[in-house]
Amino acid sequence: MRRVVLAGRGELGEWRDAARALAAAGIVPDEIDWREKSAEADLSFQRDAMPPAPAASRKPMTVPPAFIELAETVLCHSDPARFALLYRLLWRLQLDRQLLEVTSDQDVVRARLMAKNVHRDAHKMTAFVRFKEVGAISAGRRKFIAWFEPDHHIIRRTAPFFQRRFTDMDWLIATPKGSAAWDGERLTISDEPCEKPNLTDVTDELWRTYYASIFNPARVKLKAMQAEMPKKYWKNLPEADLIPGLIASAESKVREMAAREATRSLPFHDRLQQAARNLPTEPEAPAGTLEALRAQASVCTRCPLHANATQTVFGEGPRDAAVMFVGEQPGDQEDIAGRPFVGPAGRLFDQVMAEAGIDRSMVYVTNSVKHFKYEPRGKRRIHQKPTMGEVKHCRWWLDLELALVEPKLIVAMGATALAALTDVKGRLQDVRGKAMAIEGGRTLFVTVHPSYLLRIPDERLKAEEMARFRQDMSEIQVLMTSAG
Ligand code: URA
């Protein structure tokens, strides 16, 4: 019997190297005693375990890609039997390439079950990690720590999810099975077990308020709720102690809800609708004018975005403007006012334009998408980026505006406008600040979107980017002058 000891922290490479060497030496599954390092004090076994280099004549074992995928997941399971199970499957796959499709095979069933448990554990981790803020902000970045107790070795699998989701903060997720840390540049994974830190912060209260406000007493299904949020995770969830009380009061809350009046729409909706109803019926604008186009666009239902927006926000400016500025989509304030670039981004845009000597009333300002896309959060409406499909769909209106205004110079502000106006696939930074000749004898100038500047947390970077935006605007002013 050979004893093979592995660290077993969910890494395919470690098991694969051992399995390859054992298989190449013809060691059958029953001859190997696989162990996990954490359960094994004396590692000297490991040194004796590996077979001598394989005889050159032995054919290397091969496996279908589905096995690699399965093995990658199964190796994250915490059951020490996983190594032997995978080796047995590896061995058996040499005789039966379709083995993984035999859904009644005991080894296959076990491996698939382990994979399922790992997926579930990883899913729960993405749902139940609760970050707590710690320490001071450094280099404009806030710092967070979270504690989580996974059943399996899933840190490596889930860390990229957190890196994508929480890219603009520094964080550490500590677990008894290792940790993952992100500092804005590097993702560091460690297998060193962590101890539970003593953490509570103000975000606990926020979580509790949030949870209590989204808890819908009319939809309480206890079994489904516990399947989704098993009790073992409760101890690390700041909102968990609210659950029993919320459940207990669910019935009376439902009765209260039923007795209450229907929810009313937000006041600005009513005001706008009222204003629209009182509007004198305007004479139809002559065809081929911007007014006619605006009137057509005001009832646009070409895509679902119209359904949640207050109104169409069409472009504005003189019909014979030599320059057209194109943004992304109206924001919250533009949606209410019915005019482009009047909110915070619009104010910055106006200010930098004025500094560069550009008179806004002389240019045409519009957006790639004419309806505000957002996600409601309580009373707030959070901007959502339009999809490429929505941008291409709305190009219908942008094309009509371009055909009527016929600007000599078009300024794309941000990546969405760039994608709406060209087929340029690369990064905005590669074409930013450059005047490019495009079809119809026009010039396209690309710069950043003013909202981007408003979002930069780092003061130094913000100042640099503002200076570049001012420089872009000055170049636009020069191009404008020569465009007449
Ligand atoms: N952002 C845009 O792209 N357009 C607006 O009109 C306002 C903000």
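**Overview. Salt bridges across the whole predicted model.** A search of the whole structure turns up 28 salt bridges. Please keep in mind that this is a predicted model. Side chains of opposite charge can pair when their charged atoms come close. The views that follow visit some of these pairs, and then turn to the cysteines.

**View 1. Glu-36 and Arg-82 pair up in a salt bridge.** Look for the closest N and O atoms of these two side chains, which are 2.7 Å apart. This pair links distant parts of the chain, 46 residues apart. Glu-36 belongs to strand β2 (residues 32–36), while Arg-82 belongs to helix α4 (residues 82–93). Are the two partners buried or exposed? Both Glu-36 and Arg-82 are buried.

**View 2. Lys-373 meets Glu-390 in a salt bridge.** Here the N to O distance is 3.0 Å. Lys-373 sits in the loop between β9 (364–367) and β10 (374–377), and Glu-390 sits in helix α15 (residues 388–405), so the pair ties together parts that are 17 residues apart in sequence. Lys-373 has a relative accessible area of 13%, so this residue counts as buried. Glu-390 is buried too, with a relative accessible area of 17%.

**View 3. Asp-183 and Arg-186 form a salt bridge.** The closest N and O atoms in this pair are 3.8 Å apart, and the cut-off for a salt bridge is 4 Å.

View 4. A disulfide is a covalent bond between the sulfur atoms of two cysteines. How many disulfides does the structure hold? The number is zero. For comparison, a disulfide needs the sulfur atoms to lie within 2.5 Å. Cys-394 has 11% relative accessibility, so this cysteine counts as buried.

**View 5. Cys-194, a partly exposed cysteine.** Cys-194 has 21% relative accessibility, and therefore counts as partly exposed. The cut-off for buried is under 20%.

Definitions and conventions:
Residues are numbered from 1 along each chain as its sequence is written. This is a predicted model: local features need pLDDT of at least 70, side-chain atom pairs count only at pLDDT 80 or more; totals for chains, interfaces and linings use all residues. Side-chain values use heavy atoms; hydrogens and water are left out. Helices (H or I, at least four residues) and strands (E, at least two) are DSSP runs, numbered from the N terminus. Buried means under 20% relative accessible area, exposed over 50%, partly exposed in between (1.4 Å probe, protein chains only).
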